[in-house]
Amino acid sequence: MTTPVCTSASKAAAPVPSYTSYPSFSSYVRVRGPVLLRTARSLTANPSDAEDLLQTALTKTFVAWERIEDHRALDGYVRRALMNTRTSQWRKRKVDEFACDDLPEPETAPAPDPAEQQVLHDAMWRAVMRLPDRQRAMVVLRYYEDLSEAQTADVLGVSIGTVKSAVSRALRKLREDPELTPVR
């Protein structure tokens, strides 16, 4: 038969929870709040989120306060409310933003050098000027004046097919122009 060595020490080390009936919700929160906050902190990583979680669970408990007959079960009720609320938050959570080291702003391409643009423009114009007169007229109307094939044909008094074939031959000559080869 074993007898405890020190009965007063064993009673002091493990306090027996008092299952009293709480007269009001505020007295329950005052007495059990710190314990419930520790429970909430174990469910979340952020202390602020734990406080919000506990506040939500206590709100649910307050709404049901009159329906809870056995106040000895209040801690279990609040813990279940904490778990259910945390599970609901986890399910509803949407991650719209992600933390990253670099800003996700698009890289802007460097502005083209105006001198290089002018060199390209001049080389292109010299190549167009080397085209035969009829092809040059059609290329200028189609691409410099931005006329449609039908409008170009109407201005020059030729058929649309003639415009298409002449412009095609002119573009082939421009692609083969030796002065424009370094630009490509």
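Asp-146 is exposed, with a relative accessible area of 66%. In this predicted model, Asp-146 sits in the loop that joins H6 to H7. The residue comes just after H6 and takes a positive phi of about 60°. Asp-146 is a residue other than glycine. Most residues other than glycine have a negative phi.

The overall fold is helical. The chain holds eight helices and zero strands. Read from the N terminus on, the elements run α-α-α-α-α-α-α-α. The chain has 184 residues, of which 24% count as buried. Contacts between residues at least 6 apart in sequence were also examined. Of these, 51% join residues at least 24 apart.

Helix H6 covers residues 133–144. Its buried residues are Gln-135, Arg-136, Met-138, Val-139, Val-140, Leu-141 and Arg-142. These buried residues pack against three helices, namely H5 (114–129), H7 and H8.

The pairing of H5 with H6 can be described first. Two packed helices are described by the angle between their axes and the distance between the axes. The axes of H5 and H6 come within 9 Å and cross at roughly 140°. H5 and H6 are therefore oblique to each other, since an angle counts as roughly antiparallel over 145 degrees. On the H5 side, the contact is made by Met-124, Trp-125, Val-128 and Met-129. On the H6 side, Arg-136, Val-140 and Tyr-144 take part. By class, this contact of H5 with H6 has six nonpolar residues, no polar residues and one charged residue.

Arg-136 is found in helix H6. At 18% relative accessibility, Arg-136 counts as buried, because the cut-off for buried is under 20%. Leaving aside residues up to four places away in sequence, Arg-136 touches Val-128, Met-129 and Leu-131. Arg-136 and Ala-170 are 34 residues apart in sequence. In space, their C-alpha atoms are 7.5 Å apart.

Tyr-144 also belongs to helix H6. Its relative accessibility is 36%, so Tyr-144 counts as partly exposed. With residues up to four places away in sequence not counted, Tyr-144 touches Met-124, Trp-125, Val-128 and Val-139.

Arg-126 is partly exposed, with a relative accessible area of 41%. Arg-126 and Leu-180 are 54 residues apart in sequence. The C-alpha to C-alpha distance of this pair is 9.7 Å.

The packing of H7 with H8 has another geometry. Helix H7 spans residues 149–156, and helix H8 spans residues 160–176. Their axes are 8 Å apart and pack at an angle of about 105°. H7 and H8 are therefore roughly perpendicular to each other, a class that takes in angles of 65 to 115 degrees. From H7, the contact draws on Glu-149, Ala-150, Thr-152 and Ala-153. These residues meet Ile-160, Val-163 and Lys-164 in H8. The residues of this contact of H7 with H8 divide into four nonpolar, one polar and two charged.

Aromatic contacts were then counted. The count comes to four aromatic pairs. In one of them, the rings of Phe-25 and Trp-65 have their centres 5.5 Å apart. The planes of these two rings lie at 80°, so the pair is edge-to-face. The pair links distant parts of the chain. Phe-25 is in helix H2 (residues 25–43). Trp-65 is in the loop between helix H3 (47–63) and helix H4 (74–92). The two residues are 40 residues apart. Phe-25 is buried, and Trp-65 is buried too. Phe-25 and Trp-65 also belong to one aromatic cluster, together with Tyr-28 and Phe-62.

Arg-142 lies over the face of Tyr-143, at 5.4 Å from the ring centre. Arg-142 is among the buried residues of helix H6.

Terms used:
Residues are numbered from 1 along each chain as its sequence is written. This is a predicted model: local features need pLDDT of at least 70, side-chain atom pairs count only at pLDDT 80 or more; totals for chains, interfaces and linings use all residues. Side-chain values use heavy atoms; hydrogens and water are left out. Axes are lines fitted to C-alpha atoms, for helices over the stretch in contact, and angles run from 0 to 180 degrees between N-to-C directions. Helices (H or I, at least four residues) and strands (E, at least two) are DSSP runs, numbered from the N terminus. Angles under 35 degrees count as roughly parallel, over 145 as roughly antiparallel, 65 to 115 as roughly perpendicular and the rest as oblique. Contact means heavy atoms within 4.5 Å. Ala, Val, Leu, Ile, Met, Phe, Trp, Tyr, Cys and Pro count as nonpolar, Asp, Glu, Lys and Arg as charged, and the others, Gly among them, as polar. Rings of Phe, Tyr and Trp (its six-membered ring) pair if their centres lie within 6.5 Å; planes under 30 degrees apart count as stacked, over 60 as edge-to-face and the rest as tilted. Buried means under 20% relative accessible area, exposed over 50%, partly exposed in between (1.4 Å probe, protein chains only). A charge sits over a ring if NZ of Lys or CZ of Arg is within 6 Å of the ring centre and within 35 degrees of the ring normal.
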